Amino acid sequence: MSDQFTAALDDAEAAHARYGEQLGLVEGRTPFAAESLPDARVAVRVNEDLLQEVASHILTRAGHISVIDKRGAGKTHFRELVYDALSDGPRSDEFAIARIREVESITTRRLYTRLLDELSKYEALDVPETYPHPTDEVRQVVEDVADQLEETGLTCIVQVDQLEDAARNTRTFEQLLAGLQSIGDLGESEPVFILFLFGTPTAADRIDELRETLSSRLVAKNRSLERFGFEETEELIARWLAWARDEEYTDGYLSDPYTASAIQTVVDRSDGTPRSVRQQCYHAYRAGARQFAADEGIEITDETIEDYA
């Protein structure tokens, strides 16, 4: 005789398998369960206006950019869209791109060395293999590389993610912001480095508090991402189901077994961010599996979510 939790595992596994088979899902693919997108085709095309704005600022080198929003709003996906295009897209030869991650314990010197490490992969740039110890001397190396970028006509995008991790420690954040402002100021008539910053409102408030000058140079300051309504949620459901069936998503792909009432319930229960919507879609799917196991039908309705989620 199995213990209570093992029995729950067995029941859940059987319910999901039976429901997935009924819906024509590929074995091992559970829609909405993954935190990160399992395939780019699952992503809903949103934030077109912001993409256009960012593209304009990068092309004209008009100034620096910050995307500020709550956790789960889609900052990582937005950042990856830009990064993939600039690093591997058809116009990647026009740009250099440097990613600065894990900033919770960063120093000004470490920011400079990470930037140089990122730029060392570009054959057009002569970046030394080792760096001097004093911070000011490392900055001089960054200045030399900036001159090379100007000579080659490359724009370097410096992506910094999760600024809020550094903002928790004032000393760390001051060091990070000092380095970013120093980098962002390089260039004769226009910036060589375009800062592309991501974080939560907490980080934005701390930038205003600690580095007014840097804050004032953000040509696109504290831009936020679009929230999902009914239409976007319906598309997200359809995309996940297409992936789970290993089928190609096209416009008009059905969101069955989710009914309109279920989709609206998902929207109402979420905060509109992609993460929250995906989580509510998963809870609705789980409710559908439990309902089907109870021989109460396949369709997911608002009542399904109310009774089984």
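This is a predicted model: local features need pLDDT of at least 70, side-chain atom pairs count only at pLDDT 80 or more; totals for chains, interfaces and linings use all residues.
Which residues does D246 touch, not counting residues up to four places away in sequence?

View 1. D246 touches V26 and R29, with residues up to four places away in sequence left out of the count. D246 sits in a loop. That loop runs between helix 10 (230-244) and helix 11 (260-269). Along the chain, D246 and R29 are 217 residues apart. Their C-alpha atoms are separated by 9.0 Å.

**View 2. Helix 4 from end to end, residues 108-119.** Helix 4 has 12 residues. At 1.5 Å a residue they should span 16 Å.

**View 3. The buried residues of helix 4 and their cover.** T108, L111 and Y112 are buried in helix 4.

**View 4. The whole protein, for orientation: 13 helices and 5 strands.** The C-alpha trace spans about 70 × 40 × 35 Å along its principal axes. The protein has 309 residues, and 47% of them are buried. Take the contacts between residues at least 6 apart in sequence: 74% join residues at least 24 apart. The accessible surface comes to about 15600 Å². Carbon and sulfur atoms account for 43% of that surface. The protein carries 32 positive and 61 negative charges.

Methods: Residues are numbered from 1 along each chain as its sequence is written. Side-chain values use heavy atoms; hydrogens and water are left out. Helices (H or I, at least four residues) and strands (E, at least two) are DSSP runs, numbered from the N terminus. Contact means heavy atoms within 4.5 Å. The expected span of a helix is 1.5 Å times one less than its number of residues. Buried means under 20% relative accessible area, exposed over 50%, partly exposed in between (1.4 Å probe, protein chains only). Accessible areas come from the Shrake-Rupley method with a 1.4 Å probe; for residues, only the protein chains shown count as cover. Lys and Arg count as positive and Asp and Glu as negative; His and the chain ends are not counted. The place of a charge is taken as NZ of Lys, CZ of Arg, CG of Asp or CD of Glu.
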